[in-house]
Amino acid sequence: LSTSPPLEYIATEPHYMNIQADPSLIASLGSSTILAQIRDVNDNPVKNQIVVFNLNDTVDGTLSSSKAETDSSGQASVVYTAGKTTSAKDGVVVTSHIEGATDITDTTSLTVGGKATRIVFGHDELLTENAPFYTKALGVIVTDNAGNPVAGKKVDFTVQPTHYSKGVLYFDDDMWKKDSSDPVC
């Protein structure tokens, strides 16, 4: 007969805090988990600490709670839910501290975006001939409001002429005479 009781080392003196947002770029009305980790001076997780979360947000986002308690792994988390509008890059800031110990703090930033908001159109001055047509290389970069590239977006090009010209067809007698030795003539 044998038994093994669960053992748990419990650190009690917090030394530092690290918070992160996962993911740090979210779409409007999206959500992100804000995870705080509390460690002692020997990098052991600190259990039973109350973490206070403060939100500095201009896009009407909310936190699921303003406080959370660390578990056995020294982690506490809340969920940030974005509002309907987008923010500037790193425009949502979440700061946190341990309740009763305002000297142990950390900050993380989020960006509410993710939708294509900017299209940059580019071209070079090179025009190549591919008879009877001419070819021009063009490029497009689609980014969100944070400047991150957005993949998989369809971009349609439309060319609208600004004016028309009437062409003229004429016979060049001098050219005909010069090339009269040509067997095709």
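**Loops and sheet**

Analyst: Phe157 lies in the loop that connects strand E11 (133-143) with helix H1 (173-178). Helices (H or I, at least four residues) and strands (E, at least two) are DSSP runs, numbered from the N terminus. This is a predicted model, in which local features need pLDDT of at least 70 and side-chain atom pairs count only at pLDDT 80 or more, while totals for chains, interfaces and linings use all residues. Residues are numbered from 1 along each chain as its sequence is written, and side-chain values use heavy atoms, with hydrogens and water left out.

Phe157 has a relative accessible area of 48% and is therefore partly exposed (buried is under 20%, exposed over 50%, partly exposed in between, with a 1.4 Å probe and protein chains only). Together with Phe121, Leu138 and Val155, Phe157 makes up a nonpolar surface patch with about 370 Å² of accessible area. A patch takes residues with over 30% relative accessible area and no salt bridge, joining nonpolar side chains (Val, Leu, Ile, Met, Phe, Trp, Tyr) within 5 Å and like charges within 9 Å. A salt bridge is a side-chain nitrogen of Lys or Arg within 4 Å of a carboxyl oxygen of Asp or Glu. The areas come from the Shrake-Rupley method with a 1.4 Å probe; for residues, only the protein chains shown count as cover.

Other loops hold backbone exceptions. Most residues other than glycine have a negative phi, and most peptide bonds are trans. Ala131 and Pro132 are joined by a cis peptide bond with omega about 5°; Pro132 is in the loop between strand E10 (118-130) and E11. Asp22 and Pro23 are also linked in cis, with omega about 0°, and Pro23 belongs to the loop between E1 and strand E2 (25-26).

In the loop between E2 and E3, Leu29 has a positive phi of about 65° although it is not a glycine. Leu29 is exposed, at 57% relative accessible area. Asp90, in the loop between strand E7 (75-81) and strand E8 (92-98), has a positive phi near 55° and is partly exposed at 41% relative accessibility.

Several of these strands meet in an open sheet of four, ordered E1-E3-E7-E5 with antiparallel pairing. Strands E1 (16-22) and E5 (62-63) are the edges, each with a single partner strand, so one side of each has no neighbour in the sheet. Two strands pair if DSSP finds at least two bridges between them; seven bridges join E1 to the antiparallel strand E3 (residues 31-39). Ala21 stands opposite Ile34 in E3.
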